Amino acid sequence: EIFAASYEMGELWGPFIRLLLLTAQRRGDIAGLRLEEVNLDATRLEISGERTKNGKPHIVHLSKAALLEVKTVTSAVTVDDGCNFLFTTNRQREVSGFGRMKARLDNLLGVSEGNFPEWRLHDLRTAFATAMAEAGEAEGVVDRVLNHVASGSSVTTVSRVYNRAGLLEQRAVCLDRWGRLLAGEV
């Protein structure tokens with residue numbers, strides 16, 4: 001329902017919400033996306049460690065649906081004016097006003113009328129993690145998609161220190177599966 005409602009949110013917030021859903025990334029990581037973090041050839045986002053919560057660079061595979069959203073947004077970005085944010089309202093800094101955006105989305109969903117449960121943007125990440133775990137995706141893969149430091153919920157110190165596997169191929173499969181689910185293909 002959130003995905004469907006996003007199409008009524010306009011050219012800025014619609015793609016932003018859909019990209020949050022399709023990538024399961026943190027609000028700030030998507031809001032602050034810069035043109036140089038988009039690698040269309042490799043179909044992925046390469047988010048700088050300076051911007052991630054854990055301080056480490058993070059690669060996010062773009063499913064077919066996510067790639068379409070990114071291409072739509074990047075086609076409107078011009079770096080001539082010195083701004084390379086994908087989501088911006090003033091061409092000087094990343095988008096803000098999440099409270100107003102969320103209130104508008106809640107109104108479309110009918111939250112105040114009881115037609116949709118109360119929710120937060122962070123719940124989108126929970127929905128992804130839950131759905132993918134229930135679909136059989138490994139916790140370590142889901143954790144890496146979410147850019148969590150630990151790999152699995154009951155990680156050992158040895159695994160946390162020594163297991164540096166990026167699991168990029170598995171993450172791509174997981175996000176492709178999630179994208180197909182959101183797009184109604186599954």
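What covers the buried residues of α5? The cover includes α1 (2-5), α2 and α3 (27-31), where contact means heavy atoms within 4.5 Å. Before going further, note that this is a predicted model, in which local features need pLDDT of at least 70 and side-chain atom pairs count only at pLDDT 80 or more, while totals for chains, interfaces and linings use all residues. Residues are numbered from 1 along each chain as its sequence is written, and side-chain values use heavy atoms, with hydrogens and water left out.

Select α5 itself, residues 98-109; helices (H or I, at least four residues) and strands (E, at least two) are DSSP runs, numbered from the N terminus. Its buried residues are F98, M101, K102, L105, D106 and L109, with buried meaning under 20% relative accessible area, exposed over 50% and partly exposed in between (1.4 Å probe, protein chains only). Seen down the axis of α5, these buried residues fall within an arc of 135°, so they line one face of the helix; the arc is that of the directions from the helix axis to the C-beta atoms. Turn to the face directed away from that buried side, and you find the exposed residues G99, R100 and N107. Just after α5, G110 takes a positive phi of about 80°.

Next, select W13 and F98, both of which are buried. Their ring centres are 5.8 Å apart and their planes stand at 70°, so the pair is edge-to-face; rings of Phe, Tyr and Trp (its six-membered ring) pair if their centres lie within 6.5 Å, and planes under 30 degrees apart count as stacked, over 60 as edge-to-face and the rest as tilted. This pair links distant parts of the chain, since W13 belongs to helix α2 and F98 to helix α5, 85 residues apart.

A charge sits over a ring if NZ of Lys or CZ of Arg is within 6 Å of the ring centre and within 35 degrees of the ring normal. The charged end of R18 likewise sits over the ring of Y7, 3.9 Å from its centre.

Finally, move to α4 (residues 64-74), where A66, L67, E69, V70, V73 and T74 are buried. The face turned away from the buried side of α4 carries the exposed residues K64 and L68.

Conventions:
The expected span of a helix is 1.5 Å times one less than its number of residues.
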